[in-house]
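Please open the model in your viewer and keep the sequence panel beside it.

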Amino acid sequence: MELDERKEKILKAIIQTYLETGEPVGSRTISKYSDLKLSSATIRNEMSDLEEMGYIIQPHTSAGRIPSDKGYRFYVDQIIREKDSQVNEMQELMIQRVDRVELLLKQMAQILASNTNYATMVSGPSYHQTKLKFIQLSLVEEKKLLIVVVMEGNIIRNSFTDLEETLTQEEILNLNILLNNSLNGLTIQEINLGTIAKLKEQAGPHRRLVELVLNEVSEAVQAQDEDLQIYTSGATNIFKYPELSDTQKASQLLSTLEQKELLKGLFDERQLPATSDSQIQVYIGDETPVQTMKDCSVVTANYVLGDGLRGTIGIIGPKRMDYEKVVNTLRTLVSQLNETFNK
């Protein structure tokens with residue numbers, strides 16, 4: 001006997017209800033699911049088949065059933081397939097979005113440089129406060145575990161870890177359910193000490209494994225920053241200003257604008273100076289986190305394109321730059337960028 005669509009729906013309903021309540025699930029409870037539209041008698045027959053097939057068990061003489069290990073395995077495998085599908089769809093959507101945004105950003109960098117006579121830089125879009133979508137632990141050898149972490153924005157991290165002790169398949173399933181129920185939909189910022197302490201308590205003797213998984217989540221977010229794209233334009237404009245046209249200073253600035261790693265400091269939110277405007281940031285001289293720009297002023301503006309997709313536009317010039325014009329230009333440009341992208 002194979003699982004048909006109706007049996008799959010009933011099994012899934014039993015497992016989800018049991019996860020929520022912790023109590024054996026009866027046919028009357030399942031019949032209340034609006035998408036099933038089945039009588040209690042029909043559901044009882046299907047539950048009898050599911051029990052015979054080994055997907056659910058009856059813990060005592062009550063009419064309720066709970067999932068067996070085989071039932072949990074089916075449920076987890078279904079989740080993995082659904083998440084894989086979501087990841088593929090997300091990847092296609094991101095490709096479409098990024099292609100369109102990158103074209104706009106390159107054009108805007110050129111327009112800014114031409115209109116202001118300063119150097120410009122634009123960071124490509126990345127996900128901010130990325131949410132955790134799914135965690136999967138799989139035993140590949142007796143004491144070797146595969147950890148798969150899937151984040152929003154098609155960020156996937158796979159790693160292997162050696163276990164200090166042997167885990168049963170049931171323990172792996174329980175850990176998968178615990179981690180996903182506790183962490184799915186949270187950003188790395190929202191996984192606070194309280195969340196971690198509760199997870200460790202519920203994990204019992206597997207506290208160390210929970211720590212390893214949380215480290216993988218953190219590294220998956222950090223890995224995203226390594227792919228940061230930065231576009232620059234108007235680098236030679238700095239020669240128009242005597243205080244920056246010194247051969248050594250100009251050479252350092254030009255070199256900096258060509259090196260993504262050096263520019264990352266301007267896109268790190270921890271470096272932002274305190275100002276009354278949360279969107280526009282102005283760095284003057286020593287406030288600039290990039291050492292080779294200490295003789296410059298840098299004005300940046302953040303753009304947000306929905307679903308946490310965001311980046312930064314920056315203008316680099318002398319300390320005597322026309323701040324009013326630059327700030328107004330950036331505000332207008334960010335507004336136009338958001339409007340164009342969200343049409």
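In which strand is the place of aspartate 162? Select residues 155-162, which form strand β7, and aspartate 162 is found in that strand; helices (H or I, at least four residues) and strands (E, at least two) are DSSP runs, numbered from the N terminus.

Before going further, note that this is a predicted model, in which local features need pLDDT of at least 70 and side-chain atom pairs count only at pLDDT 80 or more, while totals for chains, interfaces and linings use all residues. Residues are numbered from 1 along each chain as its sequence is written, and side-chain values use heavy atoms, with hydrogens and water left out.

Stay with aspartate 162, which has a relative accessible area of 55% and is therefore exposed; buried means under 20% relative accessible area, exposed over 50%, and partly exposed in between (1.4 Å probe, protein chains only). Apart from neighbours within four places in sequence, aspartate 162 is in contact with Lys143 and Lys144, where contact means heavy atoms within 4.5 Å.

Next, show the whole chain, which contains ten helices and eleven strands. Of its 343 residues, 45% are buried, and the chain exposes about 18,000 Å², with carbon and sulfur atoms supplying 45% of that area; accessible areas come from the Shrake-Rupley method with a 1.4 Å probe, and for residues only the protein chains shown count as cover. Taking the contacts between residues at least 6 apart in sequence, 60% join residues at least 24 apart.

Then select helix α1 (residues 5-21) together with helix α3 (residues 40-52), whose axes come within 10 Å and cross at roughly 85°. Axes here are lines fitted to C-alpha atoms, for helices over the stretch in contact, and angles run from 0 to 180 degrees between N-to-C directions. To see the contact itself, display Arg6, Lys7, Ile10, Leu11 and Ile14 of α1 with Thr42, Ile43, Glu46, Met47, Asp49 and Leu50 of α3.

Keep Leu11 on screen and widen the view to the largest nonpolar core, which has 29 residues; those with the most contacts inside it are Leu3, Ile10, Leu11, Ile14, Ile30, Leu50 and Tyr55. Such a core is a set of buried Ala, Val, Leu, Ile, Met, Phe, Trp, Tyr and Cys residues joined through side-chain atoms within 4.5 Å. Two or more residues come from each of α1, α3, α4 (69-116), β6 (144-151) and α5 (169-183), and the largest share, six residues, comes from α1. Leucine 11 touches Leu3, Leu50, Tyr55, Ile56 and Phe74, not counting residues up to four places away in sequence. A second, separate core of 23 residues includes Val149, Met151, Leu214 and Val217.

Move to asparagine 117, in the loop between α4 and β3 (119-123). This residue has a positive phi of about 65° although it is not a glycine, and at 33% relative accessibility it counts as partly exposed.

Finally, select strand β10 (residues 296-304), where tyrosine 303 is placed and, at 0% relative accessibility, counts as buried. The C-alpha atoms of tyrosine 303 and leucine 330, 27 residues apart along the chain, are separated by 9.9 Å.
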